[in-house]
Amino acid sequence: MAAQQKDSADAKPTLLQLILFAFPSLPHSFVALPLNIVIPAYYAAHTSVSLLQIASVTTLSRVLDAFFDPTIGFLSDRTRSPLGRRKPWVLVGALVCAISIFFLFRPPHDADFVYYGIWSFLLYFGFTLFEIPRNTWMAEITRDYFQRARINTYVAGFNIVGSLVFWIMPLALVGLTGTTAITDTSLSGIAFLYAALMPAGIVLAVAFVPVGRKVTERLATLRELFHSLRKNKPFWSYNGLLTAWGLGQGAYLSVIIIFLSDYLGMAADFPILMICFFAVSALSLPLWQKLIARYGKHRIWSVSMLLDVSTRPLILLVPVLGLGLPMLLVLNSLSAFLNSPANICPGAVLGDVVDYDLMKTNVNKAGNIFAFNTLLVKATMAAGAGLAFTTLDLFHYRVGHANTASANLGLIICYLIFPAIMYFISSAIAWRFPIDAARHSIIRRRIERRAEIQSQLGVVVP
């Protein structure tokens, strides 16, 4: 494990290290996005699970996450092993995800509320075991403001490519299935592909990517944890941003297939749209990384959200103008381009929040902070999805059937209006986020100077 000999948190990760670290994001993204926008709609249409049951399972899973997420973060901060603090958890998380995906993505047609609930919960639990330590590890590889954005760009790239593979799968299997729509065959193919790629990717990342240099050995007690985070203004600014974004994104993603299938009548074109979306997203990442280097992570994130939400209502013109797929592809590409910074900025910005907390307290709470972030993302997106499905039920919307104008209004509220309100709030908070490149440079220098003194004296300097 020669790569682990590099002990400086300032070392620029090599291209090989970036690729090995980011690669597991590819199979992981086979699952992360479909779990929110494909699986609920698939179960509603092809099994005996109802919309209200899906909403109930989603909400219950998030309640359980309220216990497991901070617990995993707390324990990962305290893990001692030859592999470091984060790597053992990443390995176990990938195994749990692989088992859960095999069942959740391959349901029998008579799958019920219990079946859906058990395997959804286990998959979300596997996400916790994998994502919290992996994201914390990502922030610890380097403390450089722009290198963090670089790492997150590679991770985002593999995420997008993985999502692209998911949507290409139905096209690759069209000779077998006779359709480009999502089928049980394509979902099974994803489950087996995950099992083939994820273990190999995780083992290589664990073997060759450095853990990052410790700058303090102090770990927070529960009392210190809550006391310090309560006073961390950048932490709560970030959480306010993420809460509004998660609620809007959860509602939007949970009904996107329903909107395109039922409202626009373009179900067969959905894989093509997703392929276009992720291809444009991947191609635009280098441009956004350059803009981030010039204008800062939080400002680029803010502007991209504002522009995205301002252009989304144009999709309502597709049936009015009768332009169909060509217009939808243009709007889809525009949305993909404007969404691309959301793949880079959140994790990189949160890493800066962790550094601010470390500067203020000299206590390692990275795992706890990333655990809270993961919990917040899952909870708010689940709440947004739950609100969306509940709203559809209140408006008497029926998936896959002809609906009244009133029922369609409920769908538009979930797909456009509610997400727009949430994104405007997120954009405003992101614009005023208090840590930019200059301030982070000061934070980083103070952390490193204190670590240097601690190393020289052999004591913990408060």
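Ala, Val, Leu, Ile, Met, Phe, Trp, Tyr, Cys and Pro count as nonpolar, Asp, Glu, Lys and Arg as charged, and the others, Gly among them, as polar. The exercises below concern a predicted model.

**Exercise 1. Sort the residues that line the second largest cavity into nonpolar, polar and charged.**

Solution.
- Step 1: list the lining. The residues are Trp245, Gln249, Ser304, Met305, Asp308, Arg312, Leu338, Asn339, Ala342 and Tyr423.
- Step 2: apply the classes. Trp, Met, Leu, Ala and Tyr belong to the nonpolar class, and Asp and Arg to the charged class.
- Step 3: count. The lining has five nonpolar, three polar and two charged residues.

**Exercise 2. State the volume of the second largest cavity, and find which elements give two or more residues to its lining.**

Solution.
- Step 1: the model has five cavities of 30 Å³ or more.
- Step 2: the volume of the second largest cavity is about 80 Å³.
- Step 3: helix H11 (233–263), helix H13 (297–311) and helix H15 (324–339) each give two or more residues to this lining.
- Step 4: H13 provides the largest share, three residues.

**Exercise 3. Classify the aromatic pair of Phe21 and Trp137, and say which parts of the chain the pair ties together.**

Solution.
- Step 1: a pair of aromatic rings is described by the distance of the centres and the angle of the planes.
- Step 2: for Phe21 and Trp137 the centres are 5.0 Å apart and the planes stand at 85°.
- Step 3: planes over 60 degrees apart count as edge-to-face, and the pair of Phe21 and Trp137 is edge-to-face.
- Step 4: Phe21 lies in helix H1 (residues 15–22) and Trp137 in helix H6 (residues 113–141), so the pair ties together parts that are 116 residues apart in sequence.
- Step 5: both Phe21 and Trp137 are buried.

**Exercise 4. Classify the pair of Phe103 and Trp119, and decide whether Trp119 is buried or exposed.**

Solution.
- Step 1: the ring centres of Phe103 and Trp119 are 4.2 Å apart, with 10° between the planes.
- Step 2: planes under 30 degrees apart count as stacked, and the pair of Phe103 and Trp119 is stacked.
- Step 3: Phe103 is in helix H5 (residues 87–104) and Trp119 in helix H6, so the pair links parts 16 residues apart in sequence.
- Step 4: buried means under 20% relative accessible area; Trp119, at 16%, therefore counts as buried.
- Step 5: Phe103 has a relative accessible area of 33% and is partly exposed.
- Step 6: Phe103 and Trp119 form one aromatic cluster with Phe102 and Phe192.

Technical notes
Residues numbered from 1 in each chain as written. Predicted model: local features only at pLDDT ≥ 70, side-chain atom pairs only at ≥ 80, totals over all residues. Heavy atoms only, no water. 1 Å grid on protein atoms, 1.4 Å probe; cavity = no way out; pocket = protein on both sides within 12 Å on 5 of 7 lines; lining within 4 Å. Points joined across faces, edges and corners; volume = space filled by probe spheres on them. Helix = DSSP H or I, 4+ residues; strand = E, 2+ residues; numbered from the N terminus. Phe/Tyr/Trp six-rings, centres within 6.5 Å; stacked < 30°, edge-to-face > 60°. Buried < 20%, exposed > 50% of the residue type's maximum accessible area, 1.4 Å probe, protein only.
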